[in-house]
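Here are my notes on this one, as numbered points. Have the model open while you read.

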Amino acid sequence: AQSVTQLGSHVSVSEGALVLLRCNYSSSVPPYLFWYVQYPNQGLQLLLKYTSAATLVKGINGFEAEFKKSETSFHLTKPSAHMSDAAEYFCAVSDRGNSGYSTLTFGKGTMLLVSP
Amino acid sequence: DGGITQSPKYLFRKEGQNVTLSCEQNLNHDAMYWYRQDPGQGLRLIYYSQIVNDFQKGDIAEGYSVSREKKESFPLTVTSAQKNPTAFYLCASRHSYSNQPQHFGDGTRLSIL
């Protein structure tokens, strides 16, 4: 069974500082990996995805993530935080089994707080 | 614009009542999903469906039921057997390839009166 661990339920940064949200996965084979963002009382919006092409993936809103197989990690970064980045972030992993029945497993989320 | 529509946005249930949450998509996606979200617990899979007239239980299916009579629609019924139904419910869909992301609706918040 695959699993996702997001270290830190809350991360606080100052506006303009580096954002680093951690995600480690457990999977018997290299998985597909996703980062989503959720604003209050809304659904999840895809930030970026890793599907075995380039290990450094660029997403929307200036975010990027690097797939490191040796560390089983897919950490999300942004060089300079903006107030509008304050939201909850979810890492998710998809198996590579029978594509007709694959599902996503989500981490428990990390709330990003941005102070002026 | 293509997307996923969940209705209603807010729903209130009395004890012993069944309620049905609507989810409609016009993305021509084959697969659809229902998740439950509770604070600090992330998203937990309730049911999913890959094709019409077929669906599978997720991790927390007890007290819930679904149907998939049309490709565009995947309603979720929260039955009276679900003892703690207060939560935020999210519907998602995607093409049936495991490298494709899921697209989400804006959710329905269910509360008990």
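1. Before going on, some housekeeping. This is a predicted model, where local features need pLDDT of at least 70 and side-chain atom pairs count only at pLDDT 80 or more, while totals for chains, interfaces and linings use all residues. Residues are numbered from 1 along each chain as its sequence is written, chains are lettered from A and ligands numbered from 1 in the order in which they are written, and side-chain values use heavy atoms, with hydrogens and water left out.

2. On the interface itself: 25 residues of chain A are in contact with 28 residues of chain B (heavy atoms within 4.5 Å). The two chains bury about 2,000 Å² between them, with 53% of it on carbon and sulfur atoms. Buried area here is the accessible area (1.4 Å probe) that two parts lose on being put together, summed over both.

3. Now the rings. Over all chains, a search of the whole structure turns up 14 aromatic pairs; rings of Phe, Tyr and Trp (its six-membered ring) pair if their centres lie within 6.5 Å, and planes under 30 degrees apart count as stacked, over 60 as edge-to-face and the rest as tilted. A:Phe106 and B:Tyr35 are edge-to-face because their planes stand at 85 degrees, with ring centres 5.4 Å apart. That pair crosses between chains, from strand β11 of chain A to strand β4 (residues 31–37) of chain B (strands are DSSP runs of E, at least two residues, numbered from the N terminus).

4. Buried or exposed, A:Phe106? A:Phe106 is buried, at 9% relative accessible area, and B:Tyr35 is buried too, at 1%. The cut-offs are under 20% for buried, over 50% for exposed and partly exposed in between (1.4 Å probe, protein chains only).

5. Both residues also belong to one aromatic cluster, formed by A:Phe34, A:Tyr36, A:Phe106, B:Tyr33, B:Tyr35, B:Tyr48 and B:Phe104.

Note on methods: Helices (H or I, at least four residues) and strands (E, at least two) are DSSP runs, numbered from the N terminus.
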